Amino acid sequence: MLGICRGRRKFLAASLTVLFVPAITWIYLFSGSFEDGKPVSLSPLESQPHSPRYTASSQRERESLEVRMREVEEENRVLRKQLSLAQSRSPSHHHGNHSKTYSMEEGTGDSESLRAGIVAGNSSECGQQPAVEKCETIHVAIVCAGYNASRDVVTLVKSVLFHRRNPLHFHLIADAIAKQILATLFQTWMVPAVRIDFYDADELKSEVSWIPNKHYSGIYGLMKLVLTKTLPSNLERVIVLDTDITFATDIAELWAVFHKFKGQQVLGLVENQSDWYLGNLWKNHRPWPALGRGYNTGVILLLLDKLRKMKWEQMWRLTAERELMSMLSTSLADQDIFNAVIKQNPFLVYQLPCFWNVQLSDHTRSEQCYRDVSDLKVIHWNSPKKLRVKNKHVEFFRNLYLTFLEYDGNLLRRELFGCPSEADINSENLQKQLSELDEDDLCYEFRRERFTVHRTHLYFLHYEYEPASDNTDVTLVAQLSMDRLQMLEAICKHWEGPISLALYLSDAEAQQFLRYAQGSEVLMSRHNVGYHIVYKEGQFYPVNLLRNVAMKHISTPYMFLSDIDFLPMYGLYEYLRKSVIQLDLPNTKKALIVPAFETLRYRLSFPKSKAELLSMLDMGTLFTFRYHVWTKGHAPTNFAKWRTATTPYRVEWEADFEPYVVVRKDCPEYDRRFVGFGWNKVAHIMELDAQEYEFTVLPNAYMIHMPHAPSFDITKFRSNKQYRICLKTLKEEFQQDMSRHYGFAALKYLTAENNS
């Protein structure tokens, strides 16, 4: 309708201009031909210089009039051209909102206001409806529960952030698992002009648990029904999305559709594109009542304030109770109840064009929603098959989805210029810390890494853990990058207890890891392994940050601080649990040392006992760890004594000592200033000693380091002199900090370093 109004205005304005401008021009010229109330002759004779009436001023006036005439004629020519174009387009004005020239819903307007301002399609008034303001906050509600949904929702959020130009406020109805994962993710993502609020889904279960539901979404698939009660009472409108949605346009265009609602319209929905509600999919198929084909609830526009006034809670409950008497349960969760309500109250719904929810389940009419790529707005993977759904253009949709799935989320940390962001304490502190660094310092990049906030996705895969009744459980802690994935299966075979792993990956690598894990029977059979993705950023491998992430998210009272390249001996998990009790770890500050060995062979017959390991040591198949390049790292373990030891024995700290230890979960974190290669474990063991931990070697425990290609960081350490200089500087600063923190007792670390 807006296109029609604009077309009429342009046509009328152009017509009046073409008619009146020439007349006004000639009146102006004619009036200019009078001098003192008498006509001035413009005959060729009197225009000659020899004419007595000719003067220099009249010549200038004549020239200016001629210039003005040419300008007016040029303007008339342009206006005639515009008028002819308007006339040629006028038939298309009568095609309503589907006109490519003026349709705001098609998103093809020729200005920012056209793209943002979607007006009422059924209005007969020519006045433009309010557009989405530049810095207007758009509210989005999503129900998200469990590990898989927490992973899926990230792709949805990426697609929204990629296109958005407005501040966003996400309202996440989440269970405890999703809240832990997403709270950490958004806190470390630090996207400007994005606010996140969580609402406890578990508290809402009682509101909908009385409704039997056969849908795979379970009880959480019913929670969109209670959003009027759950969301803040002062929130007037919200866009509600399923987690399997992908946006292909700015969400502000959808937000602007609220301005099209009239009368009692309070729900914006797209018609269901399958035949489900027609009841003809199979014999005796009996769906819930719906208006025509029904509506899909993957994308909903809710006018919350009006819904509350209409007593929505009472409305849907009464409808659900009545229908359940004959239907017994829902098949499509909340969607069945929404449709039953609309069947009784069709005036509630504003039907959205179907490109706002292109439904890619099998046997849908989704292909009728688009003729070109530019028509696509929102893609909905609403089939249980997800990316394996049957659709003629599924390859295109899959590639669009994979683009956001593997898109570098760090690139979405862009500011919205002109829109003031809410004060973020974490962001402000980070900027303050970075501003205090000297950018001319040759070690600036090392120092900066300490303050870098890495986007972190906890529990990337499903995780289950049942606490041990005797409170002796131990979690193996390690970190890795993409080039060490092959170690995961072997470690899982050697260690049956819980594992906490931090993986340093890009967004694309995270998806490669997901496919690798899902294709591994060994990994998929283990649910007590927590995989925490720390996304790549910067030029260094943040080894100690990764260790801290893995340490922080263990569920057991004790942890075995290992590295990914080590295979623990068979049975080590149970041996450590027994040692925890024998050595009274709950009541003492001990660090139990697991002696480390290594092999240079890629194929090794792993020793099944200490006696077999000693035999392999004697034959030269195994060696004490790093004996040939860094003896000091493990020398204090006293391997000679370990060969014959039958009981645990205590050893003292020495300079550069870096054993692998079992400690209580409350032990100090690793120091983040150490990145890449060098001193990352040494500094941690030094701090354990400063806190008076007792180092005890276990006589019947061992671990073996498997060979691998040199890491990128050790190559830099060996080849880059400045790298080594900066590492030495950081080491000295760490020792100074130790002295300030632990006082006189820490002086021995400086002395030991000078003597080593």
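Ala333 sits in the loop between helix H10 (312-327) and helix H11 (334-344). Helices here are DSSP runs of H or I with at least four residues, strands are runs of E with at least two, and both are numbered from the N terminus. The model is a predicted one: local features need pLDDT of at least 70, side-chain atom pairs count only at pLDDT 80 or more, and totals for chains, interfaces and linings use all residues. Residues are numbered from 1 along each chain as its sequence is written, and side-chain values use heavy atoms, with hydrogens and water left out.

Phi of Ala333 is near 55 degrees, a positive value in a residue other than glycine. Most residues other than glycine have a negative phi. At 2% relative accessibility, Ala333 counts as buried. Buried means under 20% relative accessible area, exposed means over 50%, and partly exposed lies in between (1.4 Å probe, protein chains only). Ala193 also has a phi near 55 degrees, positive in a residue other than glycine. Ala193 is found in the loop between helix H5 (176-189) and strand S5 (194-200). With a relative accessible area of 15%, Ala193 is buried.

The protein as a whole contains 25 helices and 25 strands. Of its 756 residues, 53% are buried. The exposed surface comes to about 35,700 Å², and carbon and sulfur atoms supply 53% of it. Accessible areas follow the Shrake-Rupley method with a 1.4 Å probe; for residues, only the protein chains shown count as cover. Among contacts with a separation of 6 or more, 78% join residues 24 or more positions apart. A contact means heavy atoms within 4.5 Å.

The largest nonpolar core holds 115 residues. Such a core is a set of buried Ala, Val, Leu, Ile, Met, Phe, Trp, Tyr and Cys residues joined through side-chain atoms within 4.5 Å. Leu501, Phe513, Phe560 and Leu576 touch the most other members. Helix H24 (residues 721-742) gives the most to this core, with seven residues. Leu576 touches Val474, Trp495, Phe560, Val594, Val662 and Leu698, leaving out residues up to four places away in sequence.

Helix H15 (residues 487-494) has buried residues at Met487, Leu488, Ile491, Cys492 and His494. Seen down the axis of H15, they fall within an arc of 165 degrees, so they line one face of the helix. The arc is that of the directions from the helix axis to the C-beta atoms.

Thr556 lies in the loop between helix H18 (543-552) and strand S17 (558-561). Thr556 is buried, with a relative accessible area of 1%. Its side chain makes a polar contact with the side chain of Thr475, at 2.7 Å. A polar contact is a pair of N or O atoms within 3.5 Å; within protein, one must be able to donate a hydrogen and the other to accept it, and residues adjacent in sequence count only if both atoms are side-chain atoms. A polar atom of the Thr556 side chain also lies 2.7 Å from the backbone oxygen of Tyr558. Beyond neighbours within four places in sequence, Thr556 is in contact with Tyr465, Asp473, Val474, Thr475, Pro498 and Lys665.

The structure holds two disulfides. A disulfide is a pair of cysteine sulfur atoms within 2.5 Å. One joins Cys135 to Cys419, with an S to S distance of 2.1 Å. The torsion about this S-S bond is about -90 degrees, so the disulfide is left-handed. The pair links distant parts of the chain, 284 residues apart. Cys135 lies in the loop between helix H3 (112-116) and strand S3 (138-144), and Cys419 in the loop between helix H12 (394-405) and helix H13 (425-435). Cys135 is partly exposed, at 31% relative accessible area, whereas Cys419 is buried, at 8%.

A disulfide also joins Cys443 to Cys726, S to S 2.1 Å. The torsion about the S-S bond of Cys443 and Cys726 is about -95 degrees, so this disulfide is left-handed. Cys443 lies in the loop between H13 and helix H14 (444-449), and Cys726 in helix H24, 283 residues apart. Both Cys443 and Cys726 are buried.
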